[in-house]
Each structure stands twice: as C-alpha cells, then as structure tokens.
Amino acid sequence: MEPETPAGDPYRRHHDRVLFDGGLSFSGLEEDRVWLNRGDGTFVDATGVSGANAPEDGRAAVLGDFDGDGDTDIFVHRIQGERHLFLRNAARPSRHRLVLCLVGAPPNTGAVGARVRVVAGGRAQVREVACGWGYLSGHDLALAFGLGDATSVASVEVRWPSGRVQSWEGLPADHRVTPREGEPEAVRVPLAAPR
C-alpha cells in the first residue's frame with residue numbers, strides 16, 4: 001500500500017492543475033441546480049435563469065437572506081475558477097412573506113430543533129430550525145415563509161426544543177419577526193425594500 005500524498009506535495013498539486021487546466025472536474029461537471037416551488041407540490045427548474053449553472057465545481061452552498069429583503073439568496077464556494085459565487089435573488093416579490101428569527105433559551109439560543117407552524121391565508125406551513133445542511137454547508141437559521149396574497153399572519157406556533165409551546169397571532173406580513181422563548185411579545189421589523 002502506498003503512503004498518502006500530503007496536501008502540499010508538488011506531485012498532487014501538479015495533478016490538480018492538469019485536471020483543472022484541462023477543463024475537467026472532480027464532480028463530473030455536474031451543474032448546480034436551483035428549483036422553484038410552485039406551491040402545488042411541484043417544482044420548476046430555474047437553473048438557467050438563476051445563473052447557478054456555472055461550469056466550476058461547487059463545494060458548499062449557504063442559503064440565507066443576505067440583503068434583508070425576505071427572500072433567499074445563495075452563496076457558493078467553489079474549488080476551481082472564481083472561488084465564490086453570490087446569487088442575489090433580485091426577483092421583485094409579487095406576494096407577501098414573513099421571516100422568523102427565533103431566539104431560544106440558553107444554551108440553545110439558536111433554537112435549533114424548534115418546530116414552527118405558520119397559518120396565513122387559510123394555509124398552514126411547518127418548518128424546523130436546523131443547521132448543517134448538505135456538504136460543508138450551514139444555512140441561515142432564520143425561517144422564511146411565503147404568504148401568497150395574505151397581508152397578515154393568522155397564527156405562529158413555536159414548539160421550542162425545551163418542550164415549551166408559544167403562539168403569536170395577527171403578525172404583519174412583509175416583516176422580520178423575532179420571537180424569544182418565554183417572552184410574550186415578538187420584535188417586528190419591516191423587511192427591506194427589494195433592490
């Protein structure tokens with residue numbers, strides 16, 4: 001059995017260069033993909049119009065609302081070509097949305113494991129706060145909900161990891177809301193206007 005080649009070894013660097021300079025890929029030139037939820041249980045492939053179909057190998061993606069306007073942006077780290085690719089969601093929203101930034105009790109202040117149920121416009125959505133999604137990736141802990149035509153939220157119920165259950169009613173749409181475990185009021189801040 002041959003010994004492992006150290007990462008700084010010139011032999012390995014040479015083969016990485018030959019691979020990348022030859023236009024080859026570790027992943028077999030698999031495109032990054034972006035799918036849009038149609039809201040009826042189906043998705044449409046939006047890779048081409050999103051700009052995500054770059055030929056370089058992506059190794060990690062972070063999803064989050066980087067510009068504070070309530071929609072999901074994507075930051076991709078790549079191992080060849082330009083090291084980073086930022087895909088800002090520039091679509092003007094035609095519907096309403098809500099972003100929840102939960103703050104749990106110590107030591108789990110990120111509220112990882114909290115289960116949230118949002119009811120708006122007669123429709124219920126359930127999401128869970130999670131971290132460590134995908135390969136070498138961790139997404140924003142804030143939860144974004146599309147509300148359709150609803151201009152307010154009938155109810156938000158949070159089942160905290162501690163077992164405590166809290167609910168809020170009549171929250172406004174198009175806001176970033178921060179429910180804190182054990183506190184009856186949630187801070188509400190309007191979302192930034194789309195640019």
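Me: Where is Pro-107 found, between which strands?
Reply: Pro-107 sits in the loop between E6 and E7. Strands (E, at least two residues) and helices (H or I, at least four) are DSSP runs, numbered from the N terminus.

Me: What should I know about the model itself?
Reply: This is a predicted model, where local features need pLDDT of at least 70, side-chain atom pairs count only at pLDDT 80 or more, and totals for chains, interfaces and linings use all residues. Residues are numbered from 1 along each chain as its sequence is written, and side-chain values use heavy atoms, with hydrogens and water left out.

Me: OK, what kind of peptide bond joins Pro-106 and Pro-107?
Reply: A cis one, with omega about 5°. Most peptide bonds are trans.

Me: And what's the phi of Ala-111?
Reply: Near 60°, which is positive, and Ala-111 isn't a glycine. Most residues other than glycine have a negative phi. Ala-111 is also in the loop between E6 and E7.

Me: Is Ala-111 buried or exposed?
Reply: Ala-111 counts as buried because its relative accessibility is 0%. Buried means under 20% relative accessible area, exposed is over 50%, and partly exposed is in between (1.4 Å probe, protein chains only).

Me: What about Asp-174, what's its phi?
Reply: Near 60° too. Asp-174 is in the loop between E11 and E12, and at 23% relative accessibility it counts as partly exposed.

Me: Which strand does His-175 lie in?
Reply: E12, residues 175-178. His-175 is buried, at 17% relative accessible area.

Me: Which residues is it in contact with, leaving aside neighbours within four places in sequence?
Reply: For His-175, they include Arg-97, Val-99, Arg-188 and Pro-190. Contact means heavy atoms within 4.5 Å.

Me: New topic: what's the strand order in the open sheet of 3 strands?
Reply: E3-E4-E5, with antiparallel pairing. E3 (58-64) and E5 (84-87) stand at the edges with a single partner strand each, so one side of each has no neighbour in the sheet. Two strands pair if DSSP finds at least two bridges between them.

Me: How many bridges do E4 and E5 pair over?
Reply: E4 (residues 73-78) and E5 pair over 4 bridges. In one of these strands, E5, His-84 is the bridge partner of His-77.

Me: Last one: which residues touch the most other members of the largest nonpolar core?
Reply: Among them are Leu-100, Val-116 and Leu-147, in a core of 22 residues. Such a core is a set of buried Ala, Val, Leu, Ile, Met, Phe, Trp, Tyr and Cys residues joined through side-chain atoms within 4.5 Å.
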